[in-house]
Amino acid sequence: MADLQKIKDAIMSGKREEVTSLVQAGIDAGDNAVEILEGGMIPAMREIGDKFSRNEVYVPQMLIAARAMQAGLALIEPALVSSGHQPLGKVCIGTVKGDLHDIGKNLVAIMLKGAGYQVIDLGVNCDVNKYDEGIKQGATIIACSALLTTTMPYMKEVVEHFKDTDVKIIIGGAPVTQNYADQIGAHGYSDDANGAVKLVDVLFKKSA
Ligand code: B12
């Protein structure tokens with residue numbers, strides 16, 4: 001099994017090459033990608049965030065940690081995404097306006113692809129026009145991500161924008177809660193990427 005503690009430490013200190021070689025060693029040894037992700041990589045992001053809250057690290061350290069995380073994610077993505085089946089439906093995904101955090105969004109996109117959905121990735125800083133573009137490309141579900149308490153309220157605007165349509169909207173991200181989702185009339189909320197897949201499964205079954 002890959003040394004999860006070493007992976008976590010390497011991500012937190014932003015050592016991209018070390019992350020790459022540790023994660024690759026895990027893959028080569030036949031380790032489970034989800035275990036590497038949940039046992040080493042995600043805890044690293046959580047801890048660096050806590051350190052930021054305590055003023056023990058600053059934005060540049062968060063940024064280099066995020067880059068190291070993305071390098072590791074790129075390596076495990078193929079293992080998370082199973083291949084070779086017809087897309088079950090189309091989902092567009094984007095981080096809301098004013099928000100540049102994309103690691104969680106990327107993970108949700110990877111897991112949706114792995115579950116057989118076609119994913120249109122709209123990127124970060126998405127206003128309602130951007131989400132409209134995803135719908136024009138054939139998506140019927142919008143997955144909205146927000147990591148800041150200041151950008152989360154934009155999700156309400158997205159829900160309002162699509163209120164009189166058949167578009168379904170699911171939301172998530174660290175500050176988001178089920179309570180908030182209910183309050184703004186979103187069609188689903190989950191606190192992790194697997195939960196996002198379950199929500200999409202249910203919404204597609206309902207519309208089938
Ligand atoms: C990395 C990071 C950054 C990086 C982002 C790089 C990138 N490419 O994403 C950089 C350095 C750029 C950054 C910048 C800032 N950040 Co920042 N950042 C983080 C950090 C450490 C990790 C976020 C992360 O990637 N987590 C790992 C992923 C896997 O988790 P996740 O995003 O929550 O996603 C999971 C779930 O939420 C869910 N999910 C996510 N999206 C969706 C969508 C749907 C539909 C569903 C169903 C589920 C779902 O599934 C995911 C997988 O399980 C967090 C700390 C934290 N604990 O979250 C702070 C944090 C979010 N940042 C914070 C702050 C304050 C900032 C800045 C304002 C700092 C500054 N002064 O400039 C800026 C804002 C820039 C902007 N306009 O967006 C605060 C937010 C506080 C608040 N309450 O609003 C946090 C919480 C740190 C802290 N403890 O204070 N940040």
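## Two domains

The centres of domain 1 and domain 2 lie 24 Å apart, taken over C-alpha atoms. Gln70, Glu77 and Leu80 of domain 1 lose the most area to domain 2, together 54% of what that side buries. Domain 1 spans 4-80 and domain 2 spans 90-207; such bounds come from an automatic or database domain assignment.

This is a predicted model: local features need pLDDT of at least 70, side-chain atom pairs count only at pLDDT 80 or more, and totals for chains, interfaces and linings use all residues. Residues are numbered from 1 along each chain as its sequence is written, and side-chain values use heavy atoms, with hydrogens and water left out.

## Where the domains meet

Contact means heavy atoms within 4.5 Å. By that rule, 10 residues of domain 1 touch 9 residues of domain 2. The two domains bury about 750 Å² between them. Carbon and sulfur atoms carry 71% of that area. Buried area is the accessible area (1.4 Å probe) that two parts lose on being put together, summed over both.

Asn106 is in contact with Gln70 and Asp121, leaving aside its neighbours within four places in sequence. Asn106 is found in helix H5. Is Asn106 buried or exposed? Asn106 counts as buried, because its relative accessibility is 16%. The cut-offs are under 20% relative accessible area for buried, over 50% for exposed, and partly exposed in between (1.4 Å probe, protein chains only).

## The cobalt site

Which protein residue is the donor of the cobalt atom of the ligand? The only one is His101, through NE2, at 2.3 Å. Donors are N, O and S atoms within 2.8 Å of the metal (3.2 Å for Na, K and Ca); water is not among the atoms, so sites may look incomplete.

His101 sits in the loop between strand S1 (90-96) and helix H5 (103-114). Helices (H or I, at least four residues) and strands (E, at least two) are DSSP runs, numbered from the N terminus.

Strand S4 covers residues 168-172. Of its 5 residues, 4 are buried, so S4 is largely enclosed by the rest of the structure. Two strands pair if DSSP finds at least two bridges between them. S4 pairs with strand S3 (residues 141-145) in the parallel sense, over 5 bridges. S4 also runs parallel to strand S5 (residues 188-189), joined by 2 bridges.

Ile171 in S4 stands opposite Cys144. In S5, the bridge partner of Ile171 is Tyr189.
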